[in-house]
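Subject: Structure handover

Hi,

Here is the structure I promised to pass on. Please open it next to this email and follow along.

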Amino acid sequence: MNLRRSFVRPLAAAAVLAAIGASAGADPIPQAWLANVKNGCVKSCTAQLPAAACETACTCVAQQTAATMDKDEFLAVNTMLEKNQPVPPALESKAQAIQDRCQPAQ
């Protein structure tokens with residue numbers, strides 16, 4: 001499945017806004033970035049689905065992103081999406097698992 005669909009795409013928008021000054025290491029994703037993930041997700045989701053379903057799904061996306069990826073992985077996925085480059089299989093698998101877990105009820 002293409003990572004540009006559904007909820008993974010808002011990750012790129014959130015990282016572009018927040019990625020300046022990133023540090024190395026297995027640091028957690030900053031809460032402000034996760035808030036941007038959720039907000040971007042809700043904005044794109046509500047164009048197609050009811051707000052309540054989007055709120056639940058996008059809260060899941062932010063929580064699962066925090067639980068599944070560290071700051072460096074998050075930045076790597078977003079940088080590659082922003083540059084229209086393929087995401088490495090291991091990171092694509094993580095992002096796909098988040099999307100699969102958090103699909104909104106329709």
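Below are my notes on the salt bridges and on one helix.

Keep in mind that this is a predicted model.

**Salt bridges**

The structure has 2 salt bridges. One joins the side chains of E55 and K38, at 2.5 Å from N to O. E55 sits in helix α3 (residues 51–68) and K38 in helix α2 (residues 31–45), so this pair ties together parts that are 17 residues apart in sequence. How exposed are the two partners? E55 is partly exposed, at 36% relative accessibility. K38 is also partly exposed, with a relative accessible area of 23%.

The other salt bridge pairs E73 with K94, at 2.6 Å from N to O. Here too, distant parts of the chain are linked. E73 belongs to helix α4 (residues 71–82), K94 to helix α5 (residues 89–101), and they are 21 residues apart. K94 is partly exposed, at 25% relative accessible area. E73, in contrast, is among the buried residues of α4.

**Helix α4**

Does the length of α4 agree or disagree with its residue count? At 1.5 Å a residue, its 12 residues should span 16 Å. The end C-alpha atoms are 16 Å apart, which agrees.

Buried residues in α4 include F74, L75, V77 and L81. An α-helix has 3.6 residues a turn, so residues three or four places apart point the same way.

Now look at the ends. D70 caps the N-terminal end of α4. One of its side-chain oxygens lies 3.0 Å from the backbone nitrogen of D72. Just after α4, N84 has a positive phi of about 55°.

Best wishes

Technical notes: Residues are numbered from 1 along each chain as its sequence is written. This is a predicted model: local features need pLDDT of at least 70, side-chain atom pairs count only at pLDDT 80 or more; totals for chains, interfaces and linings use all residues. Side-chain values use heavy atoms; hydrogens and water are left out. A salt bridge is a side-chain nitrogen of Lys or Arg within 4 Å of a carboxyl oxygen of Asp or Glu. Helices (H or I, at least four residues) and strands (E, at least two) are DSSP runs, numbered from the N terminus. Buried means under 20% relative accessible area, exposed over 50%, partly exposed in between (1.4 Å probe, protein chains only). The expected span of a helix is 1.5 Å times one less than its number of residues. A polar contact is a pair of N or O atoms within 3.5 Å; within protein, one must be able to donate a hydrogen and the other to accept it, and residues adjacent in sequence count only if both atoms are side-chain atoms.
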